[in-house]
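Hi,

Here is the structure I promised to send over.

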Amino acid sequence: METKQLTPEEVQTIKTIRQERSEITDQFGEIEILIQEYEMIKQDLKEKLSSLKKREVKVGQELQEKYGSGTIDIEKGEFVSSI
């Protein structure tokens with residue numbers, strides 16, 4: 001088996017490529033962590049939205065039972081009957 005010596009420039013080029021690859025790999029890891037964190041935040045927001053929709057439906061049903069069909073003017077705090 002024959003052994004040949006690399007030039008200092010070749011060694012440096014290979015080291016630079018390895019370092020750049022390592023940095024890119026680290027950055028991909030950081031991005032993946034951020035993605036996972038955002039996915040957790042997204043899931044939490046979905047759960048909050050679902051809860052909010054349930055509250056919205058419940059309040060709508062309660063107001064309809066109390067006042068009947070119609071619309072609400074939030075600014076005036078008034079219910080306007082559609083009948």
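Let's start with the hairpin. Strand 1 (residues 70-73) and strand 2 run antiparallel, and 4 bridges join them. There are 4 residues between the two strands, and G77 in that turn has a positive phi of about 70 degrees. If you want to trace the pairing by eye, T71 has V80 as its bridge partner in strand 2, while I72 has F79.

Before you zoom in any further, bear in mind that this is a predicted model. The mean pLDDT of the protein chain is 95, with 100% of its residues at 70 or more. Among the elements, helix 1 has the highest mean pLDDT (97), and strand 2 (residues 78-81) has the lowest (89).

Now for the helix. Helix 1 covers residues 8-67, which makes 60 residues. How far apart should its ends be? At 1.5 Å a residue the helix should span 88 Å, and the end C-alpha atoms are 86 Å apart, so the two values agree. Just after helix 1 comes G68, which takes a positive phi of about 90 degrees.

What links the helix to the hairpin? A search for aromatic pairs gives 1 in the structure. Its members are Y67 and F79, and the rings are stacked, with 5.3 Å centre to centre and 25 degrees between the planes. Because Y67 lies in helix 1 and F79 in strand 2, the pair ties together parts that are 12 residues apart in sequence.

On to the charges. How many salt bridges are there? The whole structure holds 3 of them, and here they are one by one.

- K4 and E2: the closest N and O atoms are 3.9 Å apart. Both K4 and E2 are exposed.
- K48 and D44: here the closest N and O atoms are 3.4 Å apart. These two are 4 residues apart in helix 1, so about one helical turn separates them. K48 counts as exposed because its relative accessibility is 52%, whereas D44, at 35%, counts as partly exposed.
- E56 and K53: the closest N and O atoms are 3.2 Å apart. Both residues lie in helix 1, 3 residues apart, which is about one turn of the helix. E56 is partly exposed at 48% relative accessibility, and K53 is partly exposed too, at 44%.

Then follow helix 1 along to K48 and D44, and to E56 and K53.

Cheers

Conventions
Residues numbered from 1 in each chain as written. Predicted model: local features only at pLDDT ≥ 70, side-chain atom pairs only at ≥ 80, totals over all residues. Heavy atoms only, no water. Expected span 1.5 Å × (residues − 1). pLDDT = per-residue confidence, 0-100. Pairing = 2+ DSSP bridges. Phe/Tyr/Trp six-rings, centres within 6.5 Å; stacked < 30°, edge-to-face > 60°. Salt bridge = Lys/Arg side-chain N within 4 Å of Asp/Glu carboxyl O. Buried < 20%, exposed > 50% of the residue type's maximum accessible area, 1.4 Å probe, protein only.
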